[in-house]
Amino acid sequence: DPDRAARLADAVEQIAGELGMDYHRLRFRDTGQHIIVSLHLLFPRATPLGDAHELATRFEEQLADRLNFPIEVESHLESIEDHAIRHPEEVQRWAEP
């Protein structure tokens, strides 16, 4: 459903901006009962794991709250500093510090 896809992508972009985080590899698929959302959340390497996990959890909860259809979110935490090495095929979405 293109409308759902647009609403989901817009919500991801808004929440990431509000939480001051970046992401890539946003993908989703419809199981017929809910939408499975998969994405990589990017954090500075110096971010403690507990803090990164807390932000990821807030992101996931806010995304579920903003959409009027059931979702399951699978997020992968990744360091910003490793992004270009791990995913050289992708264009960076942010300016280098």
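**Notebook: a look around the fold**

I started at Glu90, which sits in the segment after α3 (80-86); helices (H or I, at least four residues) and strands (E, at least two) are DSSP runs, numbered from the N terminus. I noted that this is a predicted model: local features need pLDDT of at least 70, side-chain atom pairs count only at pLDDT 80 or more, and totals for chains, interfaces and linings use all residues. Residues are numbered from 1 along each chain as its sequence is written, and side-chain values use heavy atoms, with hydrogens and water left out.

**Glu90**

Leaving out residues up to four places away in sequence, Glu90 touches His24, Arg25 and His83 (contact means heavy atoms within 4.5 Å).

**The sheet**

Next I traced an open sheet of three strands, in the order β1-β2-β3 with mixed pairing (two strands pair if DSSP finds at least two bridges between them). β1 (22-30) and β3 are its edge strands, each pairing on one side only. I saw that β2 and β3 pair in the parallel sense over nine bridges. α2 packs on the sheet and touches β2 and β3, its direction making about 150° with that of β3 (axes are lines fitted to C-alpha atoms, for helices over the stretch in contact, and angles run from 0 to 180 degrees between N-to-C directions).

**The core**

Then I looked up the largest nonpolar core, which has 21 residues (a set of buried Ala, Val, Leu, Ile, Met, Phe, Trp, Tyr and Cys residues joined through side-chain atoms within 4.5 Å). Val37, Leu39, Leu41, Phe59, Leu63 and Ile71 touch the most other members. Which helix gives the largest share of this core? I found that α1 does, with six residues.

**Salt bridges**

How many salt bridges does the structure hold? I counted two (a side-chain nitrogen of Lys or Arg within 4 Å of a carboxyl oxygen of Asp or Glu). Arg7 pairs with Asp3, the closest N and O atoms being 2.9 Å apart. Both lie in helix α1, four residues apart, about one turn of the helix. Arg66 forms a salt bridge with Glu18, with 2.4 Å between the closest N and O atoms. This pair links distant parts of the chain: Arg66 is in helix α2 and Glu18 in helix α1, 48 residues apart. Glu18 counts as exposed because its relative accessible area is 51%.

Note on methods:
Buried means under 20% relative accessible area, exposed over 50%, partly exposed in between (1.4 Å probe, protein chains only).
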